[in-house]
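Take a walk through this model, from its overall fold down to single residues. Keep the sequence and the 3D view side by side.

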Amino acid sequence: MHGPASPGWLLVALCAATGAYCLLRMRSGVEEQRRAAGGEALMGFGMAAMAVPPAVFTPPPWAWPAYAAVFGAAALRALWSARAGAHHLHHLVGTGAMVYMAAVMAGAPAHGHGHGHGGSGVPLLTGALLAYFTGYVLLAGVRLLPAAGVAGAAVAWGDRPEVARACRLSMGIGMLAMLLTM
């Protein structure tokens, strides 16, 4: 999460823009979409906050446990929502990954962000999350490909399914970037 400054700012911009669009989606007339958009907005803004380059702002020591607590609560909500549909399990994995990254950053030395695994390679959980999000990004990218001969009806900007999928794809890419720089 704390690599070079330029990619860090690009990640901040990507995640903040995604979070802002998800806030717009919360105005949808479809209740399920509003609920999902709220969780995705939290993820987008949380990822943006965690990706701010440390040369600009180094969070105080209490920030990482606070991130872990906020995303832990979001994980519990996703777990509860998973009763209604398996698609909520992705939100559970995402919020769990955020808790994991916050816990790793909380345990990292002040100037040696990330790499809290002693140089022994990629930790098993990080590797599993990288594999999951790589698969998710590839699948989400394929789902964005237009179907031949399908014409869409006029839909409100906040209800456009292809833009919501693009937001989920960008958050998946952001999660991959954050996991790679841990």
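The model is predicted. Start with the chain as a whole. The protein chain has six helices and zero strands. Read from the N terminus, its elements run α-α-α-α-α-α. Of the 182 residues in the protein chain, 40% are buried. Now consider contacts between residues at least 6 apart in sequence: 79% of them join residues at least 24 apart.

Turn next to one helix pair. Helix H5 covers residues 124–143, and helix H6 covers residues 161–180. Their axes lie 9 Å apart, and the two helices pack at an angle of about 155°. An angle over 145 degrees counts as roughly antiparallel. H5 and H6 are therefore roughly antiparallel to each other. The crossing of H5 with H6 is left-handed. Which residues make the contact? On the H5 side they include Leu129, Leu130, Phe133, Val137 and Ala140. On the H6 side, Leu169, Ile173, Leu176 and Leu180 are among them. Thr126, Thr134 and Gly141 of H5 also take part, as does Gly172 of H6. Arg143 of H5 joins in, along with Arg165 and Arg168 of H6. By class, the H5 contact with H6 has 12 nonpolar, four polar and three charged residues.

Now look at the cysteines. How many disulfides does the structure hold? The count is zero. A disulfide needs the sulfur atoms within 2.5 Å. Cysteine 167 is likewise in no disulfide, with the sulfur of cysteine 22 as its nearest. Are these residues buried or exposed? Cysteine 22 has 0% relative accessibility, so it counts as buried. Cysteine 167 is buried too, with a relative accessible area of 8%. The cut-off for buried is under 20%.

Finish with leucine 42. This residue sits in helix H2, which spans residues 31–50. Its relative accessible area is 34%, so leucine 42 is partly exposed. Leucine 42 and cysteine 22 are 20 residues apart along the chain, and their C-alpha atoms are separated by 8.7 Å. What does leucine 42 touch, leaving aside its neighbours within four places in sequence? Its contacts are Val70, Phe71 and Ala74.

Technical notes:
Residues are numbered from 1 along each chain as its sequence is written. This is a predicted model: local features need pLDDT of at least 70, side-chain atom pairs count only at pLDDT 80 or more; totals for chains, interfaces and linings use all residues. Side-chain values use heavy atoms; hydrogens and water are left out. Buried means under 20% relative accessible area, exposed over 50%, partly exposed in between (1.4 Å probe, protein chains only). Axes are lines fitted to C-alpha atoms, for helices over the stretch in contact, and angles run from 0 to 180 degrees between N-to-C directions. Helices (H or I, at least four residues) and strands (E, at least two) are DSSP runs, numbered from the N terminus. Angles under 35 degrees count as roughly parallel, over 145 as roughly antiparallel, 65 to 115 as roughly perpendicular and the rest as oblique. A crossing is left-handed if the near helix is turned anticlockwise from the far one by less than a right angle, and right-handed if clockwise. Contact means heavy atoms within 4.5 Å. Ala, Val, Leu, Ile, Met, Phe, Trp, Tyr, Cys and Pro count as nonpolar, Asp, Glu, Lys and Arg as charged, and the others, Gly among them, as polar.
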